[in-house]
Amino acid sequence: MSEEYPQPTAEGVRSLIEARMHLEGPMLPIVHAIQAEYGYVPEMALPLIADALNLTAAEVHGVVSFYHDFRHAPTGRHVVKICRAEACQASGGTAIAEHTLKKLGIDWNGTTENGAVTVEPVYCLGLCACGPAAMVDGTVVGRVDDARMDKLLAEAGA
Ligand code: FES
């Protein structure tokens, strides 16, 4: 089961920002802290970060969108990450990804309509010898085939 996150509030975001303003190059630590707290980086946090750092909201948006690790929307109850790095692609990862996204009717970073599963790409899980690899709520799974993925998705309630 993935973690339950609190609803983002301006007050909460401000205190996460303030606690990191003393750091050199505070932008990334601030954005990471916001995602760690709420599970994603809410749109309303961007102008607050911009104000604190004397930047425009567009500049902050540019940085947040540049990094794949930052989420722009809350995830489903479970997060399935599928490895898209080279070794896994070579061992059938592309087909697994296509199968999964098609079966759920979503695109990368999308969430099923029932809110059960979000599918995200990941670039190497350190399980290259046992590809294709995936991760479900932080647990790595090797040698994933269509049947195994179907089972994982069913267990996650997709
Ligand atoms: S390439 Fe997929 S786990 Fe390393």
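Buried means under 20% relative accessible area, exposed means over 50%, and partly exposed lies in between (1.4 Å probe, protein chains only). Keep that scale in mind for the whole tour.

This is a predicted model, where local features need pLDDT of at least 70, side-chain atom pairs count only at pLDDT 80 or more, and totals for chains, interfaces and linings use all residues. Residues are numbered from 1 along each chain as its sequence is written, and side-chain values use heavy atoms, with hydrogens and water left out.

**Stop 1: K103 and D150**

Select K103. Its relative accessibility is 48%, so K103 counts as partly exposed. A salt bridge here is a side-chain nitrogen of Lys or Arg within 4 Å of a carboxyl oxygen of Asp or Glu. D150 sits in helix α6 (residues 146-155) and K103 in helix α5 (residues 86-104), so the pair ties together parts 47 residues apart in sequence. Helices (H or I, at least four residues) and strands (E, at least two) are DSSP runs, numbered from the N terminus.

**Stop 2: α5 against α6**

Show both helices whole. Two packed helices are described by the angle between their axes and the distance between the axes. Axes are lines fitted to C-alpha atoms, for helices over the stretch in contact, and angles run from 0 to 180 degrees between N-to-C directions. α5 and α6 pack at about 40°, with their axes 10 Å apart. That makes α5 oblique to α6. The scale is this: under 35 degrees is roughly parallel, over 145 roughly antiparallel, 65 to 115 roughly perpendicular, and the rest oblique.

Next, select the contact (heavy atoms within 4.5 Å). On α5, pick I96, H99, T100, K103 and L104; on α6, pick D146, M149, D150 and L153. These contact residues divide into 4 nonpolar, 2 polar and 3 charged. Ala, Val, Leu, Ile, Met, Phe, Trp, Tyr, Cys and Pro count as nonpolar, Asp, Glu, Lys and Arg as charged, and the others, Gly among them, as polar.

**Stop 3: along α6**

Stay on α6 and select K151 and E155. They form a salt bridge, with the closest N and O atoms 3.4 Å apart. The two are 4 residues apart in helix α6, so about one helical turn separates them. Are they buried or exposed? Both E155 and K151 are exposed.

**Stop 4**

Select E120 and K81. Their salt bridge has its closest N and O atoms 3.1 Å apart. E120 lies in strand β2 (residues 117-122) and K81 in strand β1 (residues 78-83), so the bridge ties together parts 39 residues apart in sequence. E120 is buried, at 7% relative accessible area. K81 is partly exposed, at 22%. A search of the whole structure finds 4 salt bridges.

**Stop 5: α3 and α4**

Move to helix α3 (residues 45-53) and helix α4 (residues 57-66), whose axes come within 8 Å and cross at roughly 115°. That makes α3 roughly perpendicular to α4. Select L46, P47, I49 and A50 in α3; they meet A57, V60, H61 and V64 in α4. This contact has 7 nonpolar residues, 1 polar and no charged.

Which residues of α3 are buried? They are A45, L46, L48, I49, A50 and L53. Their cover includes α1 (10-18), α2 (27-38) and α4. Finish at N54, which follows α3 and has a positive phi, near 60°.
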